[in-house]
Every structure is written in structure tokens, then in C-alpha cells.
Amino acid sequence: ENMRDKHDTYMIVVGALLYLAACTRPDIAYAVSILARFVSNPALVHYQAMQRLLVYVRDSAHLSLVYRPDDSGFVAYSDASWDSKFSTSGGMFFLYGCLVAWYSRLQKSVSHSSAEAEFIGASAAAREGMFHRDVLSDLGSLPQGPTTLYLDSKSAIDLCFDAVAFKKTKHVLRDAEFLRDVVAMGSLIHKNM
């Protein structure tokens, strides 16, 4: 049996996994996004990776997210990888300790350094976080104080606060201005992971 015979099965299963990742399983979001890149022409290695992911989903079906309200308010986490032409950004958003939104997606531009990839990822998380803050405000449920954004890149953190650092990074100026604006407004603060 060749991959041509397995192509339809691959497309159907990856589609179902995308739905699962978007609705209830943030733990598989990155793996499914990688599998989805090859849906038009999967190789045997992609089909085998899909099968391994299905085994993981089956074996971890008894696990669940536990929601324990705490006093942390609205918290965001951002990370990025710089391992291919287009970096991957990811973000998670917690409201009083409960995971309420997440994403894993390719960045739209080529990053020239890991610092740039992390900074663009932080800016994307800030935009998403500001959207969620607006929704929470409209619902009358916005926690007091700024949103904490956890980053693991010292370079990205430095770019958030130091205008002098931009002399070498003029190509990320638009994201820099946005991120500095939300930090200056007091809507967002950062913390190291």
C-alpha cells in the first residue's frame, strides 16, 4: 500500500486533530500544526507521526485540565522557535489559573535571529492578550492590574523596554512600538519564565 492510498485518511485524521487541538487539547497544537503542513502531499514519515499522535491522544484521554481559581488574574505566556525559515510562535492565556486560549502558528516573516523570533512572538502574544483584555472588559470581568506576560528570552525582554536596543533591530520597529505602547499604558508587564 502506497501513500496515495493513505492520503485521504491522512487528510481526514489531521482535520479531526486540528479540531481537537483548537477546542480541547492544547497539548497537541504544535504537533498537529506540523502535520497539517504536509496535508497536500504527506510522506510515510508524516503518516507514521500522525499514527503516533493518535496513540498519544488515546493514551492520554483520561487526563484533563484542572481549573483552580487563584489570584493571578489574567496571565500570558509566549515562546518562539527559530529552527526553520519561518519561526513558530506560541502563546497561552490563563484567567485566574484557568487556561482560556492558546495558539501555535508560523510567523509571517523570516526572522534574522532568535531574539527577533522571540520578540515577534511576544508582540503577537501582546496583541492577542489585548484582544482578550477587551473581551473581558466588555463582559465586566477584567481582573485588576496589568496582564503578566511571561517570556524566556532576555533579548526580547530588553527590546520591550529599551529604545536604544532598536538601533540594531530597525526591521522589527512596528512590533516594537506596539509592544512598548502596551507596556507603557500599564496594560501589560513582563516576567521571566
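Reply: Asp59 is called partly exposed because its relative accessible area is 44%, and that term covers values between buried, under 20%, and exposed, over 50%, with a 1.4 Å probe and protein chains only. This is a predicted model, in which local features need pLDDT of at least 70 and side-chain atom pairs count only at pLDDT 80 or more, while totals for chains, interfaces and linings use all residues. Residues are numbered from 1 along each chain as its sequence is written, and side-chain values use heavy atoms, with hydrogens and water left out.

Me: What makes the contact of Arg58 with Asp59 a salt bridge?

Reply: The closest N and O atoms of Arg58 and Asp59 are 3.0 Å apart, and a salt bridge is defined as a side-chain nitrogen of Lys or Arg within 4 Å of a carboxyl oxygen of Asp or Glu, so the pair qualifies. Arg58 itself is classed as exposed because its relative accessibility is 58%.

Me: How many salt bridges does the structure hold?

Reply: The structure holds three salt bridges, and one of them joins the side chains of Asp27 and Arg25 at 2.9 Å, N to O. Arg25 counts as buried because its relative accessible area is 12%, whereas Asp27, at 42% relative accessibility, is partly exposed.

Me: Why is the pair of Glu128 and Arg105 called a salt bridge?

Reply: In this pair the closest N and O atoms of Glu128 and Arg105 are 3.9 Å apart, which is within the limit, and therefore the name applies. The pair links distant parts of the chain, with Glu128 in helix H4 and Arg105 in strand S3, 23 residues apart. Glu128 is partly exposed because its relative accessibility is 21%, and Arg105 is also partly exposed, with a relative accessible area of 40%.

Me: Which residue takes a positive phi in the hairpin of S2 and S3?

Reply: Tyr96 takes a positive phi near 50 degrees in this hairpin, which has two residues between the strands.

Me: Where is Val135 placed, and why is it called partly exposed?

Reply: Val135 lies in helix H4 (residues 114-138), and Val135 is called partly exposed because its relative accessible area is 33%.

Key:
Helix = DSSP H or I, 4+ residues; strand = E, 2+ residues; numbered from the N terminus. Pairing = 2+ DSSP bridges.
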